[in-house]
Amino acid sequence: LVGAAGVTKPVLIKKVLPEHANDEAFIAMFISEARISATLSHGNIAQVFDFGRMDGQYFLAMELVDGQPLHRVLRRAAKTGLASMPIPLATYIAVEMCRGLHYAHSRTDDQGVPLHIVHRDISPDNVLVSYEGQVKIVDFGIAKARMLRSFHTEPGIVRGKYLYFSPEQARGYEVDARTDVWATGLVLYEMLCGQAPVSGSEALVMSKLAHGEFPSPRQVRKELPSALNEIVMRALSVDASFRYESANAFGDALAGFLHSFAPRFGMSNLAYLVRELFREDLLQQG
């Protein structure tokens, strides 16, 4: 991205693949992502700088986060013998996710009318961890805002990754911010336990999650504090009314636990771990 006086900024270009170029629904979703993402400016969300069309192709110019997606961090940690993430680290990442999500959830238009933005696709793939220890959410591509009348998810049509679907999302019902609370709770579960709560076919996973038929984190990892176990399980309540009412409330509960469990833990600790895990990659990149 070239600015005044020759100032340049590296960005990530995201564009529609040729096979989707004539898919009107897909293009509409891409444009809706651009409209929503361009209005979001928060430290825990990867920023969109530009949106346009060149040679008939739509593109997004996004913030280039120098780091790794969370799913790669988890995979690399497992390869090095770290079967599950240290408790403070997993908790810290989840707190940062909650802050970014709450910002998006509480966005309003110029008249103060809530936009009702819901990510709907929170998973380790859509969480980036920088080598500086920053946590950033990407791809509000399936988010639904009421200002976008041109594109709506039809009832009964499910989008996103089934493993992280909330029970109401799996049933094709209307969703709100508590769906993202559920998915963040699942990501935290996976970080703490080194595994998803349920495995198997798509139908089996969705059914068991929707009925709450899975072990608590503490049943999988015995040394987890009961206080943290309770926080995770509340976020994973099958009935949305029993969940945290907002991502901020979930984040506050986790932050309170983290402060009592590891008061000095912060961004630099996360940066150290990610740099150590990907030391060889960084050396190869110079």
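How are α8 and α9 oriented relative to each other, roughly parallel or roughly antiparallel? In this predicted model, helix α8 (residues 226–235) packs on α9 with an angle of about 170° between them and 10 Å between their axes. Angles over 145 degrees count as roughly antiparallel, so α8 and α9 are roughly antiparallel to each other. On the α8 side, the residues that meet α9 are A227, L228, I231 and A235; on the α9 side, they are F250, A253, L254 and F257. Sorted by class, the contact of α8 with α9 comes out as eight nonpolar residues, with no polar and no charged ones.

The protein has eleven helices and six strands. Its radius of gyration is 19 Å, close to the 19 Å that the globule rule gives for 286 residues, so the protein is as compact as a globular protein of that length. As for confidence, pLDDT averages 88 over the protein, and 93% of the residues score at least 70. The stretch to treat separately is residues 143–160, where pLDDT stays under 50; for this stretch the model has 46 contacts beyond four places in sequence.

Back to α9, which also packs against α5. Helix α5 (residues 177–193) and helix α9 (residues 247–261) have their axes 10 Å apart, at an angle of about 30°. With the limit for roughly parallel set at under 35 degrees, α5 and α9 are therefore roughly parallel to each other. Their crossing is right-handed. From α5, the contact takes in V181, T184, G185 and L188, and from α9 it takes in A247, F250 and L254. This contact has five nonpolar and two polar residues, and no charged ones. F250 and L254 of α9 turn up here, and both are also among the residues that meet α8.

Helix α5 has another partner in α3. The axes of helix α3 (residues 87–105) and α5 come within 10 Å and cross at roughly 165°, which makes α3 and α5 roughly antiparallel to each other. Here, too, the crossing is right-handed. On α3, the contact is made by I87, A90, T91, I93, A94, M97, C98, L101 and H105; α5 brings in A177, D180, T184, V187, L188, M191 and L192. Split by class, the contact of α3 with α5 has twelve nonpolar residues, three polar and one charged. T184 and L188 of α5 belong to this contact and are also part of the contact with α9.

Key:
Residues are numbered from 1 along each chain as its sequence is written. This is a predicted model: local features need pLDDT of at least 70, side-chain atom pairs count only at pLDDT 80 or more; totals for chains, interfaces and linings use all residues. Side-chain values use heavy atoms; hydrogens and water are left out. pLDDT is the predictor's confidence in each residue, from 0 to 100. Contact means heavy atoms within 4.5 Å. Axes are lines fitted to C-alpha atoms, for helices over the stretch in contact, and angles run from 0 to 180 degrees between N-to-C directions. Helices (H or I, at least four residues) and strands (E, at least two) are DSSP runs, numbered from the N terminus. Angles under 35 degrees count as roughly parallel, over 145 as roughly antiparallel, 65 to 115 as roughly perpendicular and the rest as oblique. A crossing is left-handed if the near helix is turned anticlockwise from the far one by less than a right angle, and right-handed if clockwise. Ala, Val, Leu, Ile, Met, Phe, Trp, Tyr, Cys and Pro count as nonpolar, Asp, Glu, Lys and Arg as charged, and the others, Gly among them, as polar. The radius of gyration is taken over C-alpha atoms; the globule rule is 2.2 Å times the number of residues to the power 0.38.
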